[in-house]
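This briefing concerns the aromatic contacts and the pockets of one protein model. Please consult the structure shown below while reading.

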Amino acid sequence: MLRYIYGNDLSQFPVLQDTMHRDRATQFSERLKWAVHVDDNGWERDEYDAMNPLYVIWENADGTHGGSMRFLPTSEQTMVNDHFSDLLKGEKIESPFIWECTRFVLGAQATPRVAAAMMLAGGELMRAFSLTHLLGVFDPRMVRIYSMIGASPEVLGSSGEGRDKISVGLWAYRPEDRVRVLLRAEVSSDVSESWFDLSFGRSIQQMQKVA
């Protein structure tokens with residue numbers, strides 16, 4: 001199932017917290033060889049984890065992490081503006097209606113369904129918070145995943161070649177995309193909305209009235 005958890009509340013889910021940060025270390029440090037920090041607990045964390053981001057986490061049946069993403073409004077400090085503005089020719093993207101999504105990670109046992117569920121969750125956040133776009137940095141391995149799911153971004157800028165290429169993209173919300181992603185995630189609309197309601201204590205429709 002999907003859980004939506006703010007950073008300040010993550011410690012209430014110790015198994016999810018531990019296995020998420022360990023899976024991030026495995027993916028980004030061990031497999032991709034990125035220059036990320038891994039602490040003595042085996043956790044990959046950075047400065048944006050200290051900013052009370054909103055995490056979307058796929059919880060496996062045994063309570064462990066199956067996949068996750070991290071969200072912050074671009075009206076606050078973000079990775080794109082801090083480290084990748086060169087891909088945007090020095091411009092910054094700053095809007096309460098555009099959220100940055102980072103640290104897309106899949107657990108070792110994750111199926112394509114989990115990747116689709118992550119994208120589904122992004123769309124549900126856009127609906128609930130009346131967002132116009134999601135913003136993210138991605139590498140070539142993610143292009144195939146986005147295409148497979150049916151939710152490819154608009155590319156704003158890129159640098160590098162081949163496996164070293166890195167891009168910044170924007171995702172707009174489109175109802176037809178949600179239908180495709182629901183099918184890929186093997187989740188009904190009602191179930192997806194019930195997961196959201198369980199996490200926030202309010203439905204997407206109630207959140208829309210507040211946003």
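Which residues form one aromatic cluster? The cluster is made up of Tyr4, Tyr6, Trp99, Phe129, Phe196 and Phe200. The model is predicted, and a search of the whole structure finds nine aromatic pairs.

**Aromatic pairs**

- Tyrosine 6 and phenylalanine 200 pair edge-to-face, with 6.3 Å from centre to centre and 85° between the planes.
- This pair links distant parts of the chain, 194 residues apart: tyrosine 6 belongs to strand 1 (residues 2-6) and phenylalanine 200 to helix 6 (residues 189-200).
- Tyrosine 6 is partly exposed, because its relative accessibility is 31%.
- Phenylalanine 28 and tryptophan 34 form a stacked pair, at 4.9 Å centre to centre and 20° between the planes.
- Phenylalanine 28 is buried, at a relative accessible area of 1%, whereas tryptophan 34 is partly exposed at 34% relative accessibility.
- The ring of phenylalanine 28 also has the charged end of arginine 103 over it, 5.0 Å from the ring centre.

**Largest pocket**

- The volume of the largest pocket is about 810 Å³.
- Its lining comprises 47 residues, and Cys101, Thr102, Gly136, Val137 and Tyr146 are the ones nearest the centre.
- Helix 3 contributes the most to this lining, with seven residues.
- By class, the lining holds 27 nonpolar, eight polar and 12 charged residues.

**Second largest pocket**

- The second largest pocket has a volume of about 240 Å³.
- Its lining residues include Trp34, Arg31, Asp139 and Lys165.
- Four residues of this lining are nonpolar, six are charged and none is polar.

Terms used: Residues numbered from 1 in each chain as written. Predicted model: local features only at pLDDT ≥ 70, side-chain atom pairs only at ≥ 80, totals over all residues. Heavy atoms only, no water. Phe/Tyr/Trp six-rings, centres within 6.5 Å; stacked < 30°, edge-to-face > 60°. Helix = DSSP H or I, 4+ residues; strand = E, 2+ residues; numbered from the N terminus. Buried < 20%, exposed > 50% of the residue type's maximum accessible area, 1.4 Å probe, protein only. Lys NZ or Arg CZ within 6 Å of the ring centre and 35° of its normal. 1 Å grid on protein atoms, 1.4 Å probe; cavity = no way out; pocket = protein on both sides within 12 Å on 5 of 7 lines; lining within 4 Å. Points joined across faces, edges and corners; volume = space filled by probe spheres on them. Nonpolar A, V, L, I, M, F, W, Y, C, P; charged D, E, K, R; others polar.
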